[in-house]
Number of protein chains: 2
Amino acid sequence: MPSPDVLTAPPESRTWTIAQVAEEFGVTHRTVRHYEDLGLVTPERRGTQRIYHRRDRTRLALILRGKRLGFPLEEIRTIIDLYDAPRGRRSQLEYVLDQIDARRADLEQRRRDLDEALSELTTFEQRCRADLASLTT
Amino acid sequence: MPSPDVLTAPPESRTWTIAQVAEEFGVTHRTVRHYEDLGLVTPERRGTQRIYHRRDRTRLALILRGKRLGFPLEEIRTIIDLYDAPRGRRSQLEYVLDQIDARRADLEQRRRDLDEALSELTTFEQRCRADLASLTT
DNA sequence: ACAGCAGTTGACGTTTACGTAAAGGTAAGG
DNA sequence: CCTTACCTTTACGTAAACGTCAACTGCTGT
């Protein structure tokens with residue numbers, strides 16, 4: 001049985017086990033550990049056990065979306081690193097802004113490819129529907 | 001020297017060597033041959049040499065766009081196969097239309113992910129620009 | 001005290017997508 | 001005829017992204 005704390009504790013301090021996050025995100029624990037090996041997530045350790053916080057879940061969501069978009073994990077890491085890079089000095093901020101531009105260009109290329117693929121698919125579908133209609137007559 | 005035929009022949013019959021298509025699409029000849037091993041392109045053979053036609057270039061363009069979108073080659077093949085599957089019988093047409101729906105769902109999920117990523121990037125950029133402005137003052 | 005389960009660390013296996021080296025065929029130019 | 005450039009097959013290598021044991025550890029209920 002879970003201790004009542006889970007229900008009464010403030011949401012900020014809510015934590016998860018590896019099995020829980022794996023289950024929630026639909027991946028295996030091996031996958032989660034692999035991401036940790038690559039430095040994509042860094043869960044807290046209570047002794048030897050991993051404790052996942054909200055921050056870790058946010059990262060996992062970012063990672064998995066990156067994967068759905070077809071980015072390699074190493075590239076995903078550079079994105080994550082970008083998002084929580086220190087931005088204290090002007091030079092750092094300018095570097096980050098440059099990186100943002102590069103990423104945006106990449107994403108927009110992908111969107112062009114995607115829209116192209118979608119419109120070709122639509123054209124193809126119309127042809128098929130026309131063929132189907134001509135069979136019916 | 002190329003024979004004058006290359007200039008006078010009708011554009012339909014224009015062909016390419018493996019080196020030319022590889023160069024044109026910015027990949028190595030090894031890559032092109034790999035796609036052939038997987039059945040993604042099937043160039044004509046003149047003796048032992050490969051002859052690439054317009055049709056092959058169209059396919060290569062499809063393949064590479066698929067790759068930019070992060071699809072595995074096997075999945076790309078199912079797409080290509082879909083595009084030139086026989087559509088004579090009604091049952092075949094209905095099957096193809098089902099596949100089209102599945103693909104569209106996939107592509108639209110990707111677009112959602114993409115738009116989300118882009119808008120997060122924009123938000124982040126604004127924050128950075130704000131930080132930069134506050135440094136200037 | 002002890003079984004049982006969840007979690008942990010290696011370490012090797014697998015699939016995908018090519019790279020790369022070896023060894024040779026072929027057509028054109030000198 | 002011989003070199004050179006381009007093409008061919010065969011085959012082993014490799015990096016990424018996990019899968020899959022194996023062998024422990026550490027709580028938890030009985």
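1. A salt bridge here is a side-chain nitrogen of Lys or Arg within 4 Å of a carboxyl oxygen of Asp or Glu. The side chains of Arg65(B) and Glu116(A) form one, at 3.2 Å from N to O. Across the interface of chain B and chain A there are 12 salt bridges by that rule, and over all chains the count comes to 33.

2. A few words on the ground rules. This is a predicted model, in which local features need pLDDT of at least 70 and side-chain atom pairs count only at pLDDT 80 or more, while totals for chains, interfaces and linings use all residues. Residues are numbered from 1 along each chain as its sequence is written, chains are lettered from A and ligands numbered from 1 in the order in which they are written, and side-chain values use heavy atoms, with hydrogens and water left out.

3. How are the two chains related? Chain B can be laid on chain A by a turn of 180° and a shift of 0.0 Å along the axis, with an RMSD of 0.1 Å; this is the relation of a two-fold axis. Gly70(B) is the residue of chain B that comes closest to the rotation axis, at 2.0 Å (C-alpha).

4. Now the interface itself. Taking contact as heavy atoms within 4.5 Å, 41 residues of chain B are in contact with 41 residues of chain A. The two chains bury about 4,200 Å² between them, 64% of it on carbon and sulfur atoms; buried area is the accessible area (1.4 Å probe) that two parts lose on being put together, summed over both.

5. Between chain B and chain A, 16 residue pairs are in polar contact, both at pLDDT 80 or more. A polar contact is a pair of N or O atoms within 3.5 Å; within protein, one must be able to donate a hydrogen and the other to accept it, and residues adjacent in sequence count only if both atoms are side-chain atoms. On the side of chain B that touches chain A, helices H4 (54-68), H5 (73-83) and H6 (90-136) each supply at least two residues, and H6(B) gives the largest share, 31 residues. Helices are DSSP runs (H or I, at least four residues), numbered from the N terminus.

6. Asp113(A) deserves a look on your screen. It sits in helix H6 (residues 90-136) of chain A and is buried, with a relative accessible area of 2%. Buried means under 20% relative accessible area, exposed over 50%, and partly exposed in between (1.4 Å probe, protein chains only). The side chain of Asp113(A) makes a polar contact with that of Arg68(B), at 2.6 Å. Not counting residues up to four places away in sequence, Asp113(A) touches Arg65(B), Arg68(B) and Leu69(B).

7. Asp131(B) and Arg87(A) meet through their side chains in a salt bridge (3.6 Å, N to O); Asp131(B) lies in helix H6 of chain B and Arg87(A) in the loop between H5 (73-83) and H6 of chain A, so the pair joins two chains. Asp115(B) and Arg111(A) also form a salt bridge with their side chains (3.1 Å, N to O), crossing from helix H6 of chain B to helix H6 of chain A. Asp115(B) is partly exposed at 34% relative accessibility, and Arg111(A) is partly exposed at 30%.

Conventions. Least-squares fit on C-alpha atoms with pLDDT ≥ 70 in both.
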